[in-house]
Amino acid sequence: MMKVWRVVIVGCHPTSMLGTKLILEEEQEIEVVGMFSTWNEAVYTVQQQQPDLVLTDYEMPEGKVEGALVEMKQSSKGTHFIIMTEEEDSDLFQPLMELGASGVLSKGASPRQLLQMIGGLREGFLSIPLDWVEKGLRPMTTSRGLNGLLQLTQTETFIMERIVQGITYDKIALEIEVSRRSIDNYLRKIYVKLEVSTRAQAIEKFALFSRQNKQMYA
């Protein structure tokens, strides 16, 4: 008999989460241990409970999943993460996998498709929608942007580490004894070096290549 998988659901709509919970718990070897509607609740719960699986929306009122995904994966390395998107967006697959996701699935997928993806993870296999492969998706690790990361100064690296951890800009300014405006100036330089235009993109790229760098020298 297989181990019962403990699952956390994170989403915007309580009714949708409840429906997903009922679908999952029809399987005798799945137990939903929590449903949450904010990233903060999700991050805290994953850290405390170390679930086997987190099934989460890609986008919440506070923003997209990237920053929370990195934080949750860092605190619970054995947890799998399936990201639910509004549409079958194969462009999200590679970046999210590099940040620690175990799968990406459209919210329009059938219950059977969701259960098949979970079943594959339980057996140690990754599932990809066949039409994504037919459209040319070829998952691979990329080194794009690594040069930008290596160009960051010690202060810029510290600022990005704190941002990934969810620390506010005002608190970072106090920690390094500069003005809040100086943090904005640092961020503009960081964005140029990382070749990004938004905070979420900077977090995604910094977290990805920092993790790869640690693995390289571990």
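# Buried residues, salt bridges and a pocket

Q: Why is D57 called buried in this predicted model?
A: D57 has a relative accessibility of 10%. Buried means under 20%, so D57 counts as buried.

Q: Why is K107 called partly exposed?
A: The relative accessibility of K107 is 33%. Partly exposed covers what lies between buried, under 20%, and exposed, over 50%, so K107 falls into that class.

Q: What makes D57 and K107 a salt bridge?
A: Their closest N and O atoms are 3.3 Å apart. The cut-off is within 4 Å, so the pair qualifies. The general idea is that side chains of opposite charge can pair when their charged atoms come close.

Q: How do you know that D57 and K107 link distant parts of the chain?
A: D57 sits in strand β3, K107 in the loop between β7 and α5, and the two are 50 residues apart.

Q: What makes R162 and E175 a salt bridge?
A: The closest N and O atoms of R162 and E175 are 2.5 Å apart, and the limit is within 4 Å. The pair therefore counts as a salt bridge.

Q: Why does the pair of R162 and E175 tie together parts of the chain?
A: R162 belongs to helix α8 and E175 to helix α9 (residues 169–175), so parts 13 residues apart in sequence are tied together.

Q: Are R162 and E175 buried or partly exposed, and how do you know?
A: R162 has a relative accessible area of 18%. That is under 20%, so R162 is buried. E175, with 34%, is partly exposed, because its value lies between 20% and 50%.

Q: What joins D57, E86 and K107 into one network?
A: Salt bridges that share partners do this. The structure holds nine salt bridges.

Q: How do you know that α5 spans what is expected of a helix?
A: Helix α5 (residues 111–122) has 12 residues and reaches 16 Å from its first C-alpha to its last. At 1.5 Å a residue, the expected value is 16 Å, and the reach is close to it.

Q: What covers the buried residues of α5?
A: The buried residues are L114, M117, I118, G120, L121 and R122. Their cover includes β1 (5–10), α1 (14–24), β2 (30–36), β3 (53–57), β6 (80–85) and β7 (103–106).

Q: What makes up the lining of the second largest pocket, by class?
A: The lining has eight nonpolar, four polar and five charged residues. Of its 17 residues, W39, K64, G67, A68 and R199 lie nearest the centre. About 450 Å³ of space lies in this pocket.

Definitions and conventions:
Residues are numbered from 1 along each chain as its sequence is written. This is a predicted model: local features need pLDDT of at least 70, side-chain atom pairs count only at pLDDT 80 or more; totals for chains, interfaces and linings use all residues. Side-chain values use heavy atoms; hydrogens and water are left out. On a 1 Å grid over the protein atoms alone, a cavity is a set of points where a 1.4 Å probe fits but cannot get out, and a pocket is an open set with protein on both sides within 12 Å along at least five of seven lines; lining residues have an atom within 4 Å of a point. Grid points are joined across faces, edges and corners, and a volume is the space filled by probe spheres set on the points. Ala, Val, Leu, Ile, Met, Phe, Trp, Tyr, Cys and Pro count as nonpolar, Asp, Glu, Lys and Arg as charged, and the others, Gly among them, as polar. Helices (H or I, at least four residues) and strands (E, at least two) are DSSP runs, numbered from the N terminus. The expected span of a helix is 1.5 Å times one less than its number of residues. Buried means under 20% relative accessible area, exposed over 50%, partly exposed in between (1.4 Å probe, protein chains only). Contact means heavy atoms within 4.5 Å. A salt bridge is a side-chain nitrogen of Lys or Arg within 4 Å of a carboxyl oxygen of Asp or Glu.
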